[in-house]
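Colleague: Could you take me through this structure one feature at a time, as you would read it yourself?

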Amino acid sequence: MAFDAVLAALVLGVAIWTVAVRDTFAAVVGFVTFGLLVALIWVRLAAPDVALTEAALGSGLTGGLLVAASARLARTEAEATSELPGAVLQIAAAIVSVWVSAGLIALVLLLPEAAPTLAPNVAANIAATGLQNPVTAVLMAFRAIDTLLEVAVLLLALVGMWSLAPDHLWGGAPGRREPSDPDGVLTFVAQLLVPVGILVAIHIFWVGSVAPGGEFQGATILAAMWILATMAGLANTPPVMRRSLRLLLVAGSAVFFTIGFAGFVIAGAFLAYPANYAKLLILIIEIPLTLSIAATLALLVAGPPEQEPE
Amino acid sequence: MSTAILYGLCSAVLVGLGLFGLITHPQPLRKILAFNLIGSGVFLLFGVVARRGAAAGFGGDPVPQALVITGLVVAFAATALAAALLLRLFQETGRATLRSDD
């Protein structure tokens, strides 16, 4: 309990720092720290799957993305600070925020004593999926349609991002091409870390059926390794027009939809799996899905096309 | 007070903090950061509800936990898109502001 109180105080402290600090870069660093501390809270809330996702995605990839953005926007910093709102607006905002917090605090304190839960339903039906990790069972079987729609949302976000490219750069590779320095520290780190990271990603993906982990956590680590390799100049991001890249991006949702519709024929409902084949079908979906999610996440970090098309 | 309730109170304050930052910060990037703080607070509230729903040998209700994983991925996609829109605005106008009086 003492640990939890200290952790909660730390998280709030870092959050206040993130909101209050003047320098945007410092705020982004605060946010990355915040994400890692929140991952600890997820462990304390007995949600290790979420903790892994928060650390890798909420803190890691989001942090990298925002660090890059804040570096590019550094020139606008001075001008923006002159636009600070007046005292009246600040006080009004403070009152509204305190109200919202107070309302949520009341809700938390008034939560019903016998907490509603679907855990017994999951426990009763998990055997049918062949999986042992309940969170993966929810993601891939009981609420598979959520996951399917989420992958579609990821692709839509990527289409939205690509459409921000200026006309003359359309079809080119995303992001800037980083020069490669064969003697550089970053190159060394990337050469050392990327193969290990890929193994870790495959492990996290594979144990997801029985232990904390799964396709999103594995895909995030894969994406991070891709980004590291491009940052070190060891590889360039492929141009958005490349057919193999497009196929990689849609492979996951295509297989997911195909097996989903096949469910009508083989099991009588959309995304239903026939008995005894559930785990096999989930695995067939998960492998291309992990690769597609990894590519989508990496391209979302890379940004819209910024290099001349070949 | 149980651990879950303690973190519930923490997340309620996080939402308020994020909301304050979202309203008062003039810089769009700071607004994106603040919005992510609100998101973290909301996700943690889900986690608190999940923790209280521990039953059948699970440490928490896996359904809200899975929803949070979905939510984290979508929040990341939205953040990436917002940052890209902001960088494009900067590229076009040389400024990164939401002010419309010129």
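**Reading the fold and its contacts**

Modeller: Gladly, and please keep in mind throughout that this is a predicted model. I begin with secondary structure, where chain A has twelve helices and zero strands, so that from the N terminus on its elements run α-α-α-α-α-α-α-α-α-α-α-α.

Colleague: What does the C-alpha trace of chain A span along its principal axes?

Modeller: The trace of chain A spans about 65 × 60 × 35 Å, and, of the 310 residues in this chain, 41% count as buried.

Colleague: How is chain A divided into domains?

Modeller: The domain assignment gives domain 1 as residues 1–84 and domain 2 as residues 118–310 of chain A, with 24 Å between the C-alpha centres of the two. Ten residues of domain 1 of chain A are in contact with 13 residues of domain 2 of chain A, and the side contributed by domain 1 has six nonpolar, three polar and one charged residues.

Colleague: What share of the contacts in chain A with a separation of 6 or more joins residues 24 or more positions apart?

Modeller: For chain A that share is 74%.

Colleague: How many residues of chain A are in contact with chain B, and which helix gives the largest share?

Modeller: Here a contact is a pair of C-beta atoms within 7 Å, and by that cut-off 81 residues of chain A are in contact with 70 residues of chain B. The largest share of the chain A side, 13 residues, comes from helix H3 of chain A, which covers residues 48–72. Sorted by class, that side of chain A has 57 nonpolar, 14 polar and ten charged residues.

Terms used:
Residues numbered from 1 in each chain as written. Chains lettered and ligands numbered in written order. Predicted model: local features only at pLDDT ≥ 70, side-chain atom pairs only at ≥ 80, totals over all residues. Contact = placed C-beta atoms within 7 Å. Helix = DSSP H or I, 4+ residues; strand = E, 2+ residues; numbered from the N terminus. Nonpolar A, V, L, I, M, F, W, Y, C, P; charged D, E, K, R; others polar. Buried ≥ 20, exposed ≤ 12 C-beta atoms within 10 Å, placed from the backbone. Domains from an automatic or database assignment.
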